[in-house]
Amino acid sequence: MPQFFKMFRSSAAGAPPLTPSQERVPRRSTGFHEFTKVIHAREGLTVLDLGPTSPTNIHYLTSLGHKVYNVDVLLSSTDPALLRKTEDDSITLDVERFFAENLVFRGDQFDAVLLWSVADYLPEPLVKPLVERIQSVMKPGGMLLGFFHTKDAGPEAPYHRYHIAGPDVLELQQVPRFRLQRVFNNRHIENLFQNFRSLKFFLARDHTREVLVVR
Amino acid sequence: MWKARPEEKPSGSAAPAPSTTNIGTNTNLSAVSSSNTSAPAAVAARPAFAAQRTGDNFRAEVAHIGKSVLIKGELSGSEDLYLDGEVEGSVDLKQHSLTVGPHGRVRANIRAREVILHGKVEGNIQGDEKVELKKSAVLVGDISTQRITIEDGAYFKGAIDIQKDGKSQSGEARRELSLSATAG
């Protein structure tokens, strides 16, 4: 129990403000450019956006004639109701409950998934099951775009909301609430998506690897 | 001899509220479960309501469900509705608009011509013409509409399906989507 309160004390007192920065910084993205080739090719796709709610993204995707699902996975993972007390009195995240309440879809229905940099910031127990859940809800041939920091980004690399500003331009808006949890190397990423058909890496200038994954 | 007293302006609120405080006459409350009138705001609203009812110039522009009201069941009507209370069940306003105020808590599927959301909704929204999610809005559910506006800061978890206008199915019609993204 003391640990339980400690978690809330730290999040309430020590945490940075929840509101994102006002500033949006534009950034070219080769990975997103490749991704848009798919979503521009035809109408009526079903797109899953796992980042924070972005009106810009919803506008962009729906104006192309697509149906958009938005689930802010990282924010959902911070729900205090997901914390469970184990037999040894430690507090753990209830992974089963998380996936019972989130990303519950019937069958493989998504043509495209925007994972952004969520995997780098997500609590460890959720990462692998998240990728498995994504795979189960993607159509064969569906495409996922994910961003992964390299270790040169440093442990203080900020979490960003990604807003689509054009076919190859994203706008980054800092969200100070979340901290980088880990850095994947190429091998880790390949293992994470080992059940997918193919992966393509693009190394960006801001110590980020953009990865296109095909189901 | 006496100076005319300047009219007092009401204090501003987070969301625009309608001019009346009542439940509209054309609104069918199939199952009103309870109404907690002990809340200070509800008590304060009663004299105003009574005064308006007795006044000659009483004119209901929008039906209003106050923040202390809890409705369980089917809520349907044929006039615009401002809902700042709690609803569990379903809301069907067909050709009229629904505004869920900042204190509004809805656990229901909603159907209306236009839905403006300041509060919280858990359920699917079918806005035949337009759905607006203001910055304080929290929606867990799917949206089906022709036009959508989501302010930055709104929380949304669900699907958005933009319906093509039956009269105009061109790409231009879809481009009419308006999304304000005032950085929040």
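Chain A has eight helices and 11 strands. Keep in mind that this is a predicted model, and everything I quote is computed from it.

Overall dimensions, then. Along the principal axes, the C-alpha trace spans about 55 × 40 × 35 Å.

Next, packing. Of the 215 residues, 49% count as buried. If you take the contacts between residues at least 6 apart in sequence, 69% of them join residues at least 24 apart.

The accessible area of chain A is about 10300 Å², and carbon and sulfur atoms account for 52% of that. As for charge, there are 26 positive and 24 negative charges, and their mean positions lie 2 Å apart.

Now one piece of the strand arrangement, built around β9 of chain A, residues 169-175. Which strands does β9 pair with? One of them is β1, residues 25-28, which runs antiparallel to β9 over four bridges. Within that pairing, A:Val25 sits opposite A:Leu172.

Another partner is β8, residues 159-164, also antiparallel to β9, over six bridges. Here A:His160 has A:Gln174 as its bridge partner. The link from β8 to β9 is a hairpin of four residues.

If you are looking at side chains along these strands, one general point: in a regular strand they alternate between the two faces of the sheet.

Conventions: Residues numbered from 1 in each chain as written. Chains lettered and ligands numbered in written order. Predicted model: local features only at pLDDT ≥ 70, side-chain atom pairs only at ≥ 80, totals over all residues. Heavy atoms only, no water. Helix = DSSP H or I, 4+ residues; strand = E, 2+ residues; numbered from the N terminus. Buried < 20%, exposed > 50% of the residue type's maximum accessible area, 1.4 Å probe, protein only. Contact = heavy atoms within 4.5 Å. Areas by Shrake-Rupley, 256 points an atom, 1.4 Å probe, with all protein chains shown as cover. Lys, Arg positive; Asp, Glu negative; His and termini not counted. Charge placed at Lys NZ, Arg CZ, Asp CG, Glu CD. Pairing = 2+ DSSP bridges.
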